[in-house]
Structures are given as C-alpha cells and as structure tokens.
Amino acid sequence: MTIRLPAADGTLRRHEPRTEPLAVAPGTPFTSRTVFAAAHVVADPYADVSPDSPAAVDWDATLAFRRHLWSHGLGVAEAMDTAQRGMGLDWAGAAELIRRSAAEARAVGGRIACGVGTDQITGGTLAGIRAAYEEQLAVPEEAGAQAVLMASRALAATAGGPEDYREVYGHLLHQAAEPVILHWLGPMFDPALEGYWGSSDLDAATDTFLEVVAAHPDKVDGVKISLLDARREIDLRRRLPRGVRCYTGDDFHYPELIAGDERGFSDALLGVFDPLGPLAAEAVRVLDTGDAQGFRALLDPTVELSRHLFRPPTRFYKTGVVFLAWLAGHQSHFTMVGGLQSARSLPHLARAYELADTLGLFPDPELAQERMRTLLSLHGVTP
C-alpha cells in the first residue's frame with residue numbers, strides 16, 4: 001500500500017512504506033568510542049498549559065525513552081539542547097529532569113551526563129553568571145551524574161571579551177568535583193550565542209576555548225563541538241591536551257568524524273542519535289570490531305535524514321526528533337513542550353517520515369504509517 005506525501009512544491013508524491021523494520025537488538029556499551037544520545041522530553045498532552053507556561057512533562061514516557069537508549073548501550077546526555085533547554089524547558093523543569101534521570105540511570109546501570117547552564121537568569125554581572133552556573137552545577141554533582149558545562153546566553157550578552165570567558169570558566173573548572181564536558185554550541189543552534197568565547201572570528205574563539213581547556217586539563221573530560229564544520233572540529237581535536245576527548249556534536253558529518261583518521265577520532269554527543277539510537281548503536285558495535293568500512297556502510301545512509309532534520313532554522317530540529325519518536329511508538333502523541341510541534345511544516349515532516357521509513361527506523365512500520373496518515377488527514381490531505 002502506498003501513501004501520498006506532500007512535497008514542498010505543493011504536489012503529492014507516492015511513497016511505498018517498508019513492511020519490515022531494520023533488525024537491531026539491544027546490546028552492551030561500546031569499547032572503541034564513548035557515545036551519548038542527547039534525549040528529548042515527552043510533553044504531558046493532557047496538561048492545560050500555554051506556550052509561555054512552565055513545561056508539563058510526561059515523566060513516565062520521558063524516562064521510558066531513556067531506558068530505550070540505555071538498553072542499546074548508548075549514554076544519555078540529559079537536559080541538553082535536544083530536551084528544549086531555553087525553548088520550552090526552564091531551569092526548574094531541567095533540574096527535575098536531571099534528578100529523575102540520574103536516579104533512573106543508577107537503577108539500570110546507564111551512563112548519563114547532564115547539562116549545566118545559566119538559563120535561570122537572562123543577564124547580569126559576571127559574578128551573577130558564575131553564581132547561576134554554580135547553582136546548576138550542584139544539581140548533577142549531588143545526583144552523581146557527570147556535568148556538561150553548556151554555553152550561556154547570559155555570558156554571551158555580558159562578556160566584554162575573551163578574558164571574561166577565561167575567568168568564568170576557569171572559576172567553574174577549578175571548583176568542579178569531577179571532570180566535566182565543555183560544550184561549544186554554535187549560533188546556528190542558538191542565535192543568542194553569536195560571538196561566543198569573545199569573538200565572532202572562529203579562529204580567535206577557538207584559541208580562547210583551547211586556552212581554557214589547556215589551563216585545566218585534569219578537570220575537562222572532553223569538549224563537545226557543535227559548529228557543523230568538520231574541518232574545524234578535526235583541527236581543534238588535534239590541538240587538545242592528551243587525554244581530553246572530542247565529542248562531536250556535528251549532525252552533518254558525524255560518520256566521518258567518529259570513524260576518524262590516522263591522527264585520531266571524535267567520540268559523540270549527538271541529538272540525531274535520539275531517533276537513530278538502535279541503528280547508531282549497531283554501527284558503533286561494528287566499529288568496535290575494527291570494521292570502519294562496515295560502520296560507515298551503516299551510518300552514512302542516515303546523514304540525509306539528519307541533514308533534513310537539522311536544516312535551517314536548525315534550532316527547530318527538535319520538532320522532527322519528537323515527531324519520529326511518535327511515529328516509532330515511543331510516545332502516544334505528537335505534542336511538545338512550548339507548543340513546538342508547530343515549528344516545522346507538513347512537507348518537512350512528511351519528508352522526515354519518508355527518509356526514516358526508508359532506513360527502517362520504525363519498529364512497527366504499520367503503526368508509523370497509520371500515524372502519518374492521521375497527521376495528513378488532520379491537515380486536510382487525503383493520504
């Protein structure tokens with residue numbers, strides 16, 4: 001049976017859905033790479049809220065999705081950009097998410113790293129920004145989770161130059177109880193982060209970033225680079241102090257960056273590994289055997305879907321991620337905190353369905369097709 005999907009030019013095209021999913025079984029953690037999937041949150045569809053209200057989260061479904069990722073050997077990057085930090089999920093909700101997910105990770109033996117930022121404030125002095133970071137850093141540390149020092153909108157707006165970044169991050173790294181992951185999120189993901197590290201010149205910003213790492217190598221487990229620039233990431237990872245990991249956040253070039261070259265490789269902390277979880281895990285297990293060609297054969301075909309989900313405006317990629325989770329049966333509805341289910345067009349979602357179905361990502365292709373037909377009907381399209 002075929003389904004008619006709307007294209008961007010207003011026409012309808014026919015797609016013949018798969019009848020069988022890609023066969024991927026749960027497995028153990030990996031040996032050659034450290035891999036985190038940045039996980040989305042599941043909204044409570046029955047909550048009477050507005051886009052400006054605090055997030056109403058379906059905790060059972062949210063934690064069940066994390067157990068799904070852990071079952072395939074993936075680590076979970078919690079309360080990150082994919083979880084709609086600053087786009088529907090406020091700090092109070094993020095703190096609750098960290099506490100609940102960290103407890104669940106301990107219960108099932110899953111690996112977890114949690115985002116720490118300053119989103120409880122919108123600006124202020126450098127001292128106030130440091131205090132906001134410290135307040136958030138205490139939450140994962142008390143929960144026994146690794147911390148990810150995320151980029152701060154408040155710091156981007158307040159800092160006068162590179163020296164302010166060195167001061168704030170130096171202070172935080174000095175007092176961190178355990179090694180953290182430093183996250184450099186580019187303005188394509190959040191326009192408020194333009195000029196981070198004190199300069200819009202990426203070469204100058206990279207130098208400052210590396211100076212911060214070099215000053216505290218014992219407190220930096222790794223750095224997460226989300227600039228969608230493979231060459232810059234490779235150059236940066238070659239300049240890192242020995243023992244400091246590079247976690248790719250490049251949702252456009254991740255297969256080649258994870259596979260690496262004769263001079264090294266990137267580990268991974270990726271939003272696209274939310275919908276790709278089982279397939280990505282299978283690919284990394286193949287890489288664990290030393291079969292880089294087999295790894296690329298599995299993961300390269302997923303790049304078209306990832307580039308589609310993360311197309312500009314990139315910050316709305318979460319809509320496609322949650323949409324695919326609904327189609328895959330990981331949640332019972334297509335509702336997002338902040339009402340962001342409306343942030344992508346019907347043709348965009350239709351293409352996401354087509355690409356994901358072709359890859360065999362849906363455990364129940366018939367369910368995915370039924371839900372896609374429901375969405376089309378609600379938009380007045382006869383599928």
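Colleague: Where is Leu228 found in this structure?

Modeller: In this predicted model, Leu228 is found in the loop between strand 8 (220-226) and helix 7 (230-238).

Colleague: What makes the phi of Leu228 worth a remark?

Modeller: Most residues other than glycine have a negative phi. Leu228 is not a glycine, yet its phi is positive, about 55 degrees.

Colleague: Why is Leu228 called buried?

Modeller: Buried means under 20% relative accessible area. Leu228 has 16%, so it counts as buried.

Colleague: Which value of phi does Ala79 have, and where is Ala79 found?

Modeller: Ala79 has a positive phi of about 55 degrees although it is not a glycine. Ala79 is found in the loop between strand 4 (75-78) and helix 2 (91-108).

Colleague: Is Ala79 buried or exposed?

Modeller: Buried, because its relative accessibility is 0%, and the cut-off is under 20%.

Colleague: What is the peptide bond from Pro312 to Pro313, cis or trans?

Modeller: That bond is cis, with omega near -10 degrees. Most peptide bonds are trans. Pro313 has its place in the loop between helix 11 (303-309) and helix 12 (317-327).

Colleague: How many cavities of 30 Å³ or more does a search of the whole structure find?

Modeller: One. About 100 Å³ of space lies in the largest cavity. Of the 15 residues that line it, the closest to its centre are Asp81, Thr82, Lys224, Gly271 and Tyr317.

Colleague: Which strands each supply at least two residues of that lining?

Modeller: Strand 7 (180-185) and strand 8 do. By class, the lining has seven nonpolar, five polar and three charged residues.

Notes:
Residues are numbered from 1 along each chain as its sequence is written. This is a predicted model: local features need pLDDT of at least 70, side-chain atom pairs count only at pLDDT 80 or more; totals for chains, interfaces and linings use all residues. Side-chain values use heavy atoms; hydrogens and water are left out. Helices (H or I, at least four residues) and strands (E, at least two) are DSSP runs, numbered from the N terminus. Buried means under 20% relative accessible area, exposed over 50%, partly exposed in between (1.4 Å probe, protein chains only). On a 1 Å grid over the protein atoms alone, a cavity is a set of points where a 1.4 Å probe fits but cannot get out, and a pocket is an open set with protein on both sides within 12 Å along at least five of seven lines; lining residues have an atom within 4 Å of a point. Grid points are joined across faces, edges and corners, and a volume is the space filled by probe spheres set on the points. Ala, Val, Leu, Ile, Met, Phe, Trp, Tyr, Cys and Pro count as nonpolar, Asp, Glu, Lys and Arg as charged, and the others, Gly among them, as polar.
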